[in-house]
Amino acid sequence: MSENPSAEGGASYAAAGVDIEAGDRAVELMKEWVKKAQRPEVLGGLGGFAGLFDASALKNYERPLLASATDGVGTKVDIARQLGIYDTIGHDLVAMVMDDIVVCGAEPLFMTDYICVGKVHPERVAAIVKGIAEGCVLAGCALVGGETAEHPGLLGEDDFDVAGAGTGVVEADRLLGADRIRTGDAVIAMASSGLHSNGYSLVRHVLLNQAGLALDTHIDELGRTLGEELLEPTKIYSLDCLALMRTTEVHAFSHVTGGGLAANLARVIPDEMHAVVDRSTWTPAPIFDLVGRTGQVERLELEKTLNMGVGMIAIVPQESVDVALATLADRGVDAWVAGEITDRGEHPDGAALIGDYAS
């Protein structure tokens with residue numbers, strides 16, 4: 001045995017499966033996209049140990065409250081892996097993080113990402129970052145840094161996962177939430193772009209495992225292939241919500257993610273009130289019926305797992321409804337009055353869905 005561990009044939013990081021040069025190449029490829037996701041408060045460039053944001057920009061606030069959130073995109077990443085399409089999954093990540101932040105009325109400021117891969121494929125990693133950067137532009141925030149980690153032996157060469165964390169700011173006296181909601185307020189629903197990034201374990205189990213559908217199968221009722229439908233990026237509502245706050249009075253938002261519409265809406269409803277949402281005010285996109293019908297999934301199970309066509313809720317006073325709907329329409333957001341806030345009655349969970357979906 002050689003006494004010199006660095007002699008030819010000795011252990012090395014590359015031999016263990018980590019390619020530092022590929023990582024460096026990925027960083028070079030992603031730089032152009034990160035540059036596109038900036039704000040004037042960001043200092044420095046990509047490659048530092050920490051992202052810098054000039055907090056003096058917050059001096060104009062009387063009492064600035066920082067809001068933070070972190071999230072991933074779940075098993076939707078496996079659809080991207082199977083299709084070999086990596087430049088949309090970042091939109092999902094930004095939406096999951098920044099649309100949580102805007103719920104309290106906060107303006108998104110900056111975001112960092114974490115990409116974990118079995119093997120670094122530079123172009124693939126850069127494509128993921130491209131999607132994240134594009135999502136940050138849509139959310140109005142900066143991408144100030146991130147981490148790409150190579151985990152050979154733990155993940156397959158083509159496996160990956162993404163996560164992110166974000167920060168926003170809101171003036172204390174403009175903080176939205178349950179304490180602002182009043183009986184009689186209107187519940188305005190904003191349409192989702194599809195499944196978004198929740199419930200994919202159920203969707204994959206039903207459509208891919210049970211039904212055995214291939215991702216390249218064209219589904220007539222969807223008007224495209226199954227893979228194209230499943231990889232549809234999550235709608236990013238951050239700037240739409242901020243526009244509502246600028247143009248009219250808003251009492252609360254609710255981001256409809258895991259748990260479905262009722263459970264997420266209940267999170268912002270005061271204990272003494274509940275929200276009544278009428279299903280007949282909208283028709284869920286065909287993908288929701290396809291999952292339910294194919295897997296014989298009960299409606300309650302669908303509704304507590306998937307968004308069923310509503311990605312964001314705004315709760316506004318009745319006198320703000322017309323302006324709110326007009327503002328959203330001007331921004332290309334499909335929105336409608338889906339219900340109202342009432343005194344608590346027979347619905348102890350804080351939110352109830354009534355009626356049947358429109359056909």
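Helix H7 (residues 238-247) and helix H11 (residues 321-330) have axes that come within 10 Å and cross at roughly 140°. Helices here are DSSP runs of H or I with at least four residues, numbered from the N terminus. Axes are lines fitted to C-alpha atoms over the stretch in contact, and angles run from 0 to 180 degrees between N-to-C directions. H7 and H11 are therefore oblique to each other. Oblique covers what is left after under 35 degrees (roughly parallel), over 145 (roughly antiparallel) and 65 to 115 (roughly perpendicular).

This is a predicted model: local features need pLDDT of at least 70, side-chain atom pairs count only at pLDDT 80 or more, and totals for chains, interfaces and linings use all residues. Residues are numbered from 1 along each chain as its sequence is written, and side-chain values use heavy atoms, without hydrogens and water.

Which residues of H7 meet H11? Asp 240, Ala 243, Leu 244 and Thr 247 do, and their partners in H11 are Val 323, Ala 324, Thr 327 and Leu 328. Contact means heavy atoms within 4.5 Å.

Seven of the 10 residues of H7 are buried, so H7 is largely enclosed by the rest of the structure. Buried means under 20% relative accessible area, with a 1.4 Å probe and protein chains only. Leu 242 and Met 245 are among these buried residues.

Now the cores. A nonpolar core is a set of buried Ala, Val, Leu, Ile, Met, Phe, Trp, Tyr and Cys residues joined through side-chain atoms within 4.5 Å. The largest has 78 residues, and Ile 287 is one of those touching the most other members. Helix H4 (residues 122-139) gives this core its largest share, eight residues. A second, separate core of 20 residues includes Leu 242 and Met 245.

How values were computed. Buried means under 20% relative accessible area, exposed over 50%, partly exposed in between (1.4 Å probe, protein chains only). Helices (H or I, at least four residues) and strands (E, at least two) are DSSP runs, numbered from the N terminus.
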